[in-house]
Protein chains: 2
Amino acid sequence: MKVVIIGGVAGGATAAARLRRLDESAEIILFERGEYISFANCGLPYYIGGEIKEKSALTVQTPESFRARLNVDVRTRQTVTAVDRKNKSVTVRRENGEEYSETYDKLLITPGAAPVRPPLKGTDKENVFTLRNIPDTYRMDEYITARKPKTAAVVGGGFIGLEMAENLTRRGIAVTVIEAAPQIAAVLDEDTACDLQNYLTEQGVRIRTNAKIESTDETGCDMTLLSVGVRPESELAAACGLETGLRGAIKTDDHMRTSDPDIYAAGDVVQIRNFVTGGEGYIPLAGPANKQARIAADNIAGGNSVYRGTQGTSVLKAFGMTAAATGLNERAAKAAGIPYDKVFLYSANHASYYPGAQFMNLKVLFHKESGKILGAQAVGFDGTDKRIDVLATAIRAGMTAGDLCGLELAYAPPFSSAKDPVNMAGYVIENLLSGKVRQIHWHDVDSLTGTPGLQRIDVRPAAAYANGTIPGAVSIPLAQLRGRLGEIDKSRPVYVSCQTGLNSYIACRILLQNGFQAVNLAGGYRLYNAVRQAKTCNASQETT
Amino acid sequence: MKVVIIGGVAGGATAAARLRRLDESAEIILFERGEYISFANCGLPYYIGGEIKEKSALTVQTPESFRARLNVDVRTRQTVTAVDRKNKSVTVRRENGEEYSETYDKLLITPGAAPVRPPLKGTDKENVFTLRNIPDTYRMDEYITARKPKTAAVVGGGFIGLEMAENLTRRGIAVTVIEAAPQIAAVLDEDTACDLQNYLTEQGVRIRTNAKIESTDETGCDMTLLSVGVRPESELAAACGLETGLRGAIKTDDHMRTSDPDIYAAGDVVQIRNFVTGGEGYIPLAGPANKQARIAADNIAGGNSVYRGTQGTSVLKAFGMTAAATGLNERAAKAAGIPYDKVFLYSANHASYYPGAQFMNLKVLFHKESGKILGAQAVGFDGTDKRIDVLATAIRAGMTAGDLCGLELAYAPPFSSAKDPVNMAGYVIENLLSGKVRQIHWHDVDSLTGTPGLQRIDVRPAAAYANGTIPGAVSIPLAQLRGRLGEIDKSRPVYVSCQTGLNSYIACRILLQNGFQAVNLAGGYRLYNAVRQAKTCNASQETT
């Protein structure tokens, strides 16, 4: 069997290695347009920032090591320019312009995705960069070393843009993130992104949301990084008539086989099935790309491996903070027409009495009827990635809120609490589903404000109340509530808030059982205020 | 409804709080023999070590705060001495010896477990301690402060004993752990405990396994902590005729109801169902205790909550190291008669090219036929608890090895690799189940050594080979293997090893497809050597 692989970075290299282990006798030819294969593409920002110091660290495998270990015919600096499906051959162009053709029995297309170039003036200037590969990285690093820019604009506030914001800051450059949407980190919803944004602002990163620019000159910065997303490099596939879908990504079946039974595709070039909705999606991520490539190799070698879809689990290190997500966010749930609700927890990452406990904002989306977990997002510090990985596993398993309650997670004071935040999320959802409490959200607060006869109470201690509260809320600390029920009107709803939504839940239970129409504010004053703070910060920057 | 709760630490306090939220009008009386309720029992070792500095940190709730917040009638320093099931009342003794009785509609028994006192001479001496509650903790702390012991013996090398070994070391005391079994940390198997033992030895903790002593004087130490496990405090339950089981623990149904329909029990006093085997078990842990107590409260309040069993997820911080486990270890799998095999991974906790990567020894047990995950253990550093939590969730979901392959976990270089160690475990198991490779284990090595005609090769680079190898192994580095096949005899098995079992797997694939009878050494030379090192260390200590 002769297998040709187009693209030698994450997917292509993984597939070649797996294929060789499955079939020692196969002829495997790996074409890579660039100089490097299997390089650490997710590590490139950290080379810019100086955390990764050695160039050699970025090139995990070299063409030579790949040949020696895997007996794969690696051909770098050669570009596949056409696929002749009828004759099962590809046309290859060398750097000197010479062309030749190479036949295949099976073809695997893994060219990845290219940075989207936004329609801005000035993107061809020498101080404007994108970051996809090692030459891009060296060029930016050399520019910074030589020109010592004092300011940089990062256009696009996604996870990669924010990684670059951190790493450029580490180089002593003042960074402004310019995001066209109303929030950064589109993987997150506004109410988890707000904590990330507020933290980044504290670290000295300037963040401009709702920011439309027409030219890179408008940034006023010494250099500009374009980081507005990627598009599948599917031109070759489209040109030879393979079926494509969303954003032009190649369509495959769950065996990673394209519309041509002898051609497979994997990685950032393919359209995927969304694991949670079952619908079509385009979610370019390194983990799924690797899995898809391995599955393609299995099937090329005559196996029967199946890819069950992508759920979009991802994570960002932003200075000391971690932001992570899995499954659906609210936009995705709405787009899929799924009836969902959400809970917010502000939980310590480990026992609060053990030194160093830090809080995370954990949001979990669930199906309103079945209680099935649909998605989760968290912003915090140590242990944030752990909770998202547990929830990612729960989503894979199709778990419900009740299942989260029963999860038996590792507890000792330095690692968690006897009730882990993931268990707590299950409890909170179960309390909603079983009607033990009703809740409203931070985005309901301002629309209610001003309603005639609106009744709000804040059950935090008086000192916390004095530092700020929900508009119009009256202070009745939780410990006094049972003795002050007479101050509340049973004939109207009473909206209850505390700092995080936990004590106000306890208050709601007291009130409900005493005949009051209590409604809890999910996420409490903290979340309401964090969203407001992020918005205020944007607004003040827009006017300066 | 009048509910009496016996025992006010983890389980009792949790149940009282939940019950109040469910039933504002219930009369709830909480009896606690000691002075403190709801104290941080898992935090006590860290108070001894000085990481937790304030006494107030240990008492999360006080009787006063409990009364104020929850309207619970907390009666400390009162001991329930008898239960009259016929008349539904309990006899209570005050500290002054006075007795009175209190009726109940529902009774919840949550007294916990008491330290086992081993049959040693000298356990009543003032320099001999156990650690269960706050007075125990203060007594030990005061003794250390006043007497400045230079040496301490910890009798019992379980997780609590090892936590104490660390915390006594932090007080400047030279610690010897005395363990009767052949290994420490019985939650782990020998081949994961070895890394923990070797690390603790490096930290200066002396570890004596297979160590039988008859008197605390034999330790030769200035003080002794007894930490050989706990037994359920079920005397009261047994005396009133409730059904008991393993080690005398109270039997309950999955609603935490005892053999008396008006009496519930939860926490370290109850026998549980092992979630993985379905059999009876006694696994005292704080997380399960809390869950059981909450479930008991739900059912007392007329709900229908079910406890689905305990899988034994637990974690230890030992200086900088983390050891964690979930599900069955080999002893438990053997005892249950489950046909299992195991895989070992020695994986970096995050991308190896990102600074600070550290390795963990990850062992996963699986059902030999179905591939279902039965248990997992890991010893390593940052991110070790995360992998065990993911595997604990996978076990709860009944996942197989194939499901582990498909898990989509959060990847960025500071957090993981594109293929997380948990994914890798799935891949390794799948390769075994699908017959792509056969393996032997470290404990097979020495028994094979000396077999006539035994054929072993070590595929590591020559420099690694020169530093030590499996007895009789010949060096054929992986990159040279394809060219040196003629040196291997096809008519006999060839046992292949490398450092961790990964490159030797690749070598096995080359050999198998070329007609050789290749067998992989799981865990590689590293694991074989780590177990040997732990044993050698024990042996050398026994002769000194």
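Is A:Ala10 buried, exposed or partly exposed, and why? A:Ala10 counts as partly exposed because its relative accessibility is 22%, where buried means under 20% relative accessible area, exposed means over 50%, and partly exposed lies in between (1.4 Å probe, protein chains only). This residue belongs to helix α1 (residues 10-22) of chain A; helices (H or I, at least four residues) and strands (E, at least two) are DSSP runs, numbered from the N terminus. Although A:Ala10 and A:Asn290 are 280 residues apart in sequence, their C-alpha atoms are 6.4 Å apart in space.

The model is predicted, so local features need pLDDT of at least 70 and side-chain atom pairs count only at pLDDT 80 or more, whereas totals for chains, interfaces and linings use all residues. Residues are numbered from 1 along each chain as its sequence is written, chains are lettered from A and ligands numbered from 1 in the order in which they are written, and side-chain values use heavy atoms, with hydrogens and water left out.

The two chains can be considered together.

Within chain A, five strands form an open sheet in the order β3-β2-β1-β7-β15, with parallel pairing. Two strands pair if DSSP finds at least two bridges between them. The edges are β3 (73-76) and β15 (263-265) of chain A, and each has a single partner strand, so one side of each is left without a neighbour in the sheet. From one strand to the next the twist averages 15°, with axes fitted as lines to C-alpha atoms and angles running from 0 to 180 degrees between N-to-C directions. Strand β7 (residues 106-109) of chain A is joined to β15(A) by three bridges, and A:Leu108 has A:Tyr264 as its bridge partner in β15(A).

An antiparallel pairing is found in chain B, where strand β4 (residues 78-84) and strand β5 (residues 89-94) share six bridges.

Rings of Phe, Tyr and Trp (its six-membered ring) pair if their centres lie within 6.5 Å; planes under 30 degrees apart count as stacked, over 60 as edge-to-face and the rest as tilted. The count over all chains comes to twelve aromatic pairs. One of them, A:Tyr346 with A:Phe359, is stacked, at 5.2 Å centre to centre and 15° between the planes. A:Tyr346 lies in strand β20 (residues 340-348) of chain A and A:Phe359 in strand β21 (residues 359-367) of chain A, 13 residues apart. A:Tyr346 is partly exposed, with a relative accessible area of 30%, and A:Phe359 is partly exposed at 40%. The rings of B:Tyr47 and B:Tyr138 have centres 5.8 Å apart and planes at 55°, so this pair is tilted. B:Tyr47 is in helix α2 (residues 44-49) of chain B and B:Tyr138 in helix α4 (residues 134-147) of chain B, so the pair ties together parts 91 residues apart in sequence. Both B:Tyr47 and B:Tyr138 are buried.
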